[in-house]
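Hi,

Here is the structure I promised to pass on.

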Amino acid sequence: MDKAVDKIIKCDVVVIGAGVSGVCAAVTAARNGLKVLLVEKNNYLGGAANKCMHKAVCGLYANNQKGPCDVNDTLNKGISQELVHFLESKYNITETKRIGKVFVLPLPDNSLASFLTTLLDSQKNAISSLNTEIYAIDKKGNQLSSLKAKKSGESISIEFKIVIDCSGDSVVSRLAGIPFLTVDKEKQQLCGYIAKVVKIEGGDESLMIKVPYWADKFVALEGAPDFLKYTTYIQGDTLEEGYLKMNIPHSSRNLKEEYLTKIFQFITGHLQEMKNAQIEKTSEEVFARDSSGTAGEYVLTEEDVLGARKFDDGVIRGAWPIEQWLEEKGTCYKYVKENDYYEIPKRCLKSKTISNLISSGKCISASHEAVGSIRVMGTCMSLGEASGSLASEMIRR
Ligand SMILES: Cc1cc2nc3c(=O)[nH]c(=O)nc-3n(C[C@H](O)[C@H](O)[C@H](O)COP(=O)(O)OP(=O)(O)OC[C@H]3O[C@@H](n4cnc5c(N)ncnc54)[C@H](O)[C@@H]3O)c2cc1C
């Protein structure tokens with residue numbers, strides 16, 4: 001054993017990142033009889049979806065002007081359906097919610113973490129290692145040969161047959177020095193910083209309009225940066241609580257706390273319903289909507305998404321609009337054809353240079369515009385599932 005290594009772990013599949021895609025990838029590979037190691041640098045499951053305290057699962061349904069949309073009518077079956085049944089049986093979620101032209105599934109507090117934990121706990125073949133960060137990768141020819149990870153000062157070497165990159169940012173390609181798809185600086189979207197607000201009195205759904213109105217006034221009257229006018233509000237599980245979502249550029253990440261304090265003071269000073277409101281917790285980090293993708297055998301494009309393109313090797317369906325959070329305009333949507341969907345081909349999950357690398361979730365091989373649609377939770381969970389099945393198929397072959 002290499003003297004610099006404290007421990008060696010051997011598995012069939014190593015999944016990097018325990019966001020929604022990583023957990024679904026690990027569980028599916030384990031269901032296929034493979035020995036799986038799921039590695040996550042943070043101390044929680046669910047990645048961005050967990051820390052950003054999402055209240056809705058997007059990407060589960062086709063967009064449909066007419067509605068209503070049945071909770072069970074998901075675009076993809078498998079784990080999407082398991083989530084629907086879990087939320088129905090444990091949290092009594094029996095209806096979808098319409099937001100403009102699209103439908104989402106409401107997500108009560110802590111329900112996502114509970115679902116992901118239940119999924120993982122049901123699979124003895126999948127071992128998760130939290131607080132474990134991948135920091136180096138060895139490559140031999142067109143194969144990845146071993147990974148190095150750190151956990152509480154311990155150095156771990158991981159040996160595997162297949163790697164699934166669910167890091168949300170193509171960590172494997174970066175560390176292995178292979179090509180990946182980057183986002184041009186001028187195309188970078190606003191990032192999200194979220195605060196849970198409690199002790200709201202007499203609030204109702206009109207706060208979703210009133211909060212952005214006062215955010216706009218804050219910018220106009222206090223000379224605050226323009227992007228703060230895109231601050232939104234989402235109601236929580238009760239009328240007494242909700243979520244303030246600030247949208248800020250990468251370059252202003254360090255000022256997140258200062259901005260939050262100022263805008264919160266201004267809004268609570270003007271909105272009667274919020275005069276005694278308090279911030280209970282924040283997302284801690286500023287979360288990027290953009291991601292860099294693994295360079296795959298095919299790059300999914302905006303035309304594929306908007307044209308509802310189908311592929312011979314299509315593995316999952318998507319229908320969420322291309323959603324971009326732009327500094328100059330706020331949110332912009334481009335919709336997939338009504339009642340239709342596009343497919344994501346298996347080639348978007350397969351690396352074009354490395355034979356034992358699969359990518360999944362928001363870092364599959366897709367253009368910046370296409371990622372604006374695929375990056376939502378519903379699509380990422382199904383991508384995770386598809387990547388777990390692909391790993392099993394590749395190993396059997
Ligand atoms: C502000 C904001 C609001 C959003 N709102 C919604 C919404 O309301 N509904 C919705 O459906 N979607 C929403 N999304 C999109 C959605 O949350 C994410 O895009 C989706 O969850 C991505 O999942 P993922 O598993 O691909 O990646 P991630 O959630 O990014 O998970 C990647 C994981 O990899 C880990 N990792 C990275 N590097 C390493 C390493 N070297 N070693 C070990 N682990 C590593 C990370 O810690 C992380 O846990 C939102 C996103 C943002 C940013």
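Let me start with a tyrosine: at 39% relative accessibility, Tyr 333 counts as partly exposed (buried means under 20% relative accessible area, exposed over 50%, and partly exposed in between, with a 1.4 Å probe and protein chains only). Tyr 335 is partly exposed as well, at 29%.

Before the rest, some housekeeping. This is a predicted model, in which local features need pLDDT of at least 70 and side-chain atom pairs count only at pLDDT 80 or more, while totals for chains, interfaces and linings use all residues. Residues are numbered from 1 along each chain as its sequence is written, and side-chain values use heavy atoms, with hydrogens and water left out.

**Aromatic rings**

How many aromatic pairs does a search of the whole structure find? The search gives eight. For a pair, the rings of Phe, Tyr and Trp (its six-membered ring) need centres within 6.5 Å; planes under 30 degrees apart count as stacked, over 60 as edge-to-face and the rest as tilted. One of the pairs is Trp 214 with Phe 266, which is tilted, at 6.3 Å centre to centre and 55 degrees between the planes. This pair joins distant parts of the chain, since Trp 214 is in helix H6 and Phe 266 is in helix H7 (residues 256–270), 52 residues apart. (Helices here are DSSP runs of H or I with at least four residues, strands are runs of E with at least two, and both are numbered from the N terminus.) Both Trp 214 and Phe 266 are buried. Then back to the two tyrosines: the ring centres of Tyr 333 and Tyr 335 are 6.0 Å apart with planes at 25 degrees, so that pair is stacked. There is also a cluster, in which ring pairs link Tyr 213, Trp 214, Phe 218 and Phe 266.

**The ligand**

The shell around the ligand has 33 residues, and Ser 21, Glu 40, His 54, Ala 56 and Arg 375 come nearest (a residue is near if one of its heavy atoms lies within 4 Å). By class, the shell splits into 15 nonpolar, 11 polar and seven charged residues. In that count Ala, Val, Leu, Ile, Met, Phe, Trp, Tyr, Cys and Pro are nonpolar, Asp, Glu, Lys and Arg are charged, and the others, Gly among them, are polar. Which elements each supply at least two residues of the shell? They are helix H1 (20–31), helix H2 (47–51), strand S4 (56–57), strand S8 (132–140) and helix H10 (377–396).

As for individual atoms, an oxygen of the ligand is 2.7 Å from an N or O atom in the side chain of Ser 21. A ligand nitrogen is 3.1 Å from a polar backbone atom of Lys 41, and a ligand nitrogen is also 3.1 Å from a polar backbone atom of Ile 134. Taken alone the ligand exposes 1,000 Å², and the protein buries 93% of that (accessible areas come from the Shrake-Rupley method with a 1.4 Å probe, and for residues only the protein chains shown count as cover).

**Cysteines**

A search of the whole structure finds zero disulfides (pairs of cysteine sulfur atoms within 2.5 Å). Cys 69 is in no disulfide, and the nearest cysteine sulfur, in Cys 58, is 13 Å away. Cys 69 counts as buried, at 12% relative accessibility.

**Loops with positive phi**

Asn 131 has phi near 50 degrees, a positive value in a residue other than glycine. Asn 131 lies in the loop between strand S7 (126–129) and S8, and is partly exposed at 43% relative accessibility. Lys 199 has phi near 65 degrees, again positive in a residue other than glycine. The loop that holds Lys 199 runs between strand S13 (191–198) and helix H6 (207–222), and Lys 199 is partly exposed, with a relative accessible area of 48%.

**Strand S19**

Ile 322 is in strand S19 (residues 322–326) and counts as buried at 2% relative accessibility. Glu 323 lies in strand S19 and is buried, with a relative accessible area of 9%. The side chain of Glu 323 makes a polar contact with the side chain of Trp 325, at 2.8 Å. (A polar contact is a pair of N or O atoms within 3.5 Å; within protein, one must be able to donate a hydrogen and the other to accept it, and residues adjacent in sequence count only if both atoms are side-chain atoms.)

Cheers
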